[in-house]
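Dear colleague,

I am passing on the structure below, together with notes on what was found in it. Please read the notes with the coordinates open beside you.

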Amino acid sequence: MDQDVAPKISFVSLGCPKALVDSERIITRLRAEGYELARKHDGADIVIVNTCGFLDSAKQESLSAIGEAMAENGKVIVTGCMGAEPEQIEREYPNVLSITGPQQYESVLDAVHRALPPVHNPHLDLLPPQGIKLTPRHYAYLKISEGCNNRCTFCIIPKLRGDLVSRQANDVLREAENLVNAGVKELLVVSQDTSAYGVDLKYATSPWKDREVQARFLDLARELGELGAWVRLQYVYPYPHVDDVIPLMGGNILPYLDIPFQHASPDVLKRMKRPAAQDKTLARIKRWREQCPDLTLRSTFIVGFPGETEADFQYLLDWLDEAQLDRVGCFKYEPVAGATSNVLDGTVPDEIKTARWNALMARQQKISAQRLKRKVGTRQQVIIDEVGPSVSKGRSKADAPQIDGAVYVASRRPLKVGEIVTAKIERADEYDLHGSVTGF
Ligand code: SF4
């Protein structure tokens with residue numbers, strides 16, 4: 001290889017925002033060592049595939065991404081969730097260079113160094129402090145812990161990623177501050193179980209600025225809110241201490257909670273072994289909304305879990321009517337190899353799963369549309385994601401990137417990506433809002 005030319009790596013990142021953060025960390029390190037990213041497999045010196053192994057369909061997607069990389073390039077390093085169980089990959093693609101599991105950054109880097117030694121170039125080795133981001137520059141995912149202490153029966157993440165390991169508060173805050181200094185306007189706090197943050201550290205304190213900060217959900221949220229960017233809390237379980245975060249919302253801590261409830265029927269929740277499953281959830285939602293009327297609640301649900309009866313499903317529909325959630329995603333239960341729910345009795349036939357999925361989506365769509373309509377006539381702050389000639393696409397505080405709806409705003413002056421403007425909402429359709437900019 002010509003020593004003046006930086007070695008090129010093509011990177012495929014599959015899976016959830018958490019996997020994306022892993023990819024960003026690997027890329028940040030590789031860039032620091034002088035590697036360059038290639039746009040295509042063909043022409044790259046090597047390909048890294050960060051896989052997802054959460055559902056069988058995700059495994060299939062990961063396998064075909066590996067196949068594509070093998071066909072187009074032939075030098076392939078596999079990492080990520082699926083790498084925790086390498087047998088299937090080895091069987092189908094015996095010639096991949098290396099397979100490592102999630103968070104094994106050092107092993108991925110070792111594999112890259114072996115196959116493609118770094119070229120020292122003092123100009124290329126420089127790296128902006130925030131690292132190289134795959135997500136747009138104006139928002140960033142902030143991963144506060146790895147793994148999970150829960151044992152939900154349908155999930156193999158604890159098996160793949162192990163028990164909860166939280167980062168020290170000052171480590172998280174330093175990264176967040178770097179991101180904000182580099183122009184990030186919105187921090188998305190992610191982990192498998194965000195509200196359990198710090199339990200494993202026994203809420204240890206660490207020095208930050210002129211004070212000590214505890215590794216505790218509430219303390220971390222408060223400190224993140226001081227940095228000046230929007231802070232969006234995702235994957236929050238409704239443990240009792242979540243109540244204390246609600247009064248912080250309104251400023252930079254967005255009035256938004258993403259709580260994966262998964263079901264409402266106590267019996268199904270018991271079989272799912274969900275954390276913080278309790279019948280007082282509806283009362284708490286009501287209280288949260290009294291305290292913070294603008295609170296947006298997003299959740300996901302699973303229908304057709306083994307043993308889910310018609311009565312359980314009706315209970316869920318009635319619960320949704322009461323809860324009046326703003327945004328809902330729904331999955332049909334899918335057995336995942338290695339999950340303990342696979343041995344539960346009461347498999348729900350596919351046609352019933354589909355019927356329940358349709359019924360839930362139809363019911364929720366009405367609720368979501370009504371809630372969205374209430375915003376017509378209000379003024380909302382909107383962060384701009386994509387700029388158009390006269391209408392730009394953005395999100396209000398109620399919309400997380402990639403999963404929620406958008407706000408389309410007309411503006412007389414050209415807008416910039418990452419700019420936060422005030423818009424008057426003029427109309428709502430099923431998922432999105434439309435309006436015009438009234439303030440900058
Ligand atoms: S909380 Fe449950 S679903 Fe979420 S990662 Fe942990 S075990 Fe899996």
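In which sense, parallel or antiparallel, do strand E16 (residues 379-386) and strand E17 (residues 391-396) pair, and over how many bridges? Before the reply, two points on conventions: the model is predicted, so that local features need pLDDT of at least 70 and side-chain atom pairs count only at pLDDT 80 or more, whereas totals for chains, interfaces and linings use all residues. Residues are numbered from 1 along each chain as its sequence is written, and side-chain values use heavy atoms, with hydrogens and water left out.

E16 and E17 pair in the antiparallel sense over 4 bridges, where strands (E, at least two residues) and helices (H or I, at least four) are DSSP runs numbered from the N terminus, and two strands pair if DSSP finds at least two bridges between them. The two are joined by a hairpin of 4 residues, and glutamate 386 has lysine 393 of E17 as its bridge partner. E17 also pairs with strand E18 (residues 407-410), again antiparallel and over 4 bridges, with valine 407 in E18 as the bridge partner of glycine 394.

There is also an open sheet of 6 strands, paired in parallel in the order E6-E9-E12-E13-E14-E15. Its edges are strand E6 (139-143) and strand E15 (327-332), each of which pairs on one side only, and the twist from one strand to the next averages 20° (axes are lines fitted to C-alpha atoms, for helices over the stretch in contact, and angles run from 0 to 180 degrees between N-to-C directions). Within this sheet, strand E12 (residues 230-233) and strand E13 (residues 253-258) run parallel and are joined by 2 bridges, and the partner of valine 231 in E13 is isoleucine 253.

Arginine 222 is found in H7 and is partly exposed at 40% relative accessible area (buried means under 20%, exposed over 50%, partly exposed in between, with a 1.4 Å probe and protein chains only).

The ligand is surrounded by Cys148, Asn150, Cys152, Phe154, Cys155, Ile157, Pro158, Gln192, Tyr237 and Arg274, where a residue counts as near if one of its heavy atoms lies within 4 Å. By class, this shell has 7 nonpolar, 2 polar and 1 charged residues (Ala, Val, Leu, Ile, Met, Phe, Trp, Tyr, Cys and Pro count as nonpolar, Asp, Glu, Lys and Arg as charged, and the others, Gly among them, as polar).

Threonine 153 is found in the loop between strand E7 (145-146) and helix H5 (157-161) and is buried, with a relative accessible area of 6%. Leaving aside neighbours within four places in sequence, threonine 153 is in contact (heavy atoms within 4.5 Å) with Arg271, Met272, Lys273, Phe305, Ala339, Thr340, Ser341 and Leu344.

Finally, the structure holds 0 disulfides, a disulfide being a pair of cysteine sulfur atoms within 2.5 Å. For cysteine 81, the nearest cysteine sulfur, that of cysteine 52, is 5.9 Å away. The sulfur of cysteine 330 is 17 Å from the closest one, in cysteine 152, and is therefore too far for a bond.
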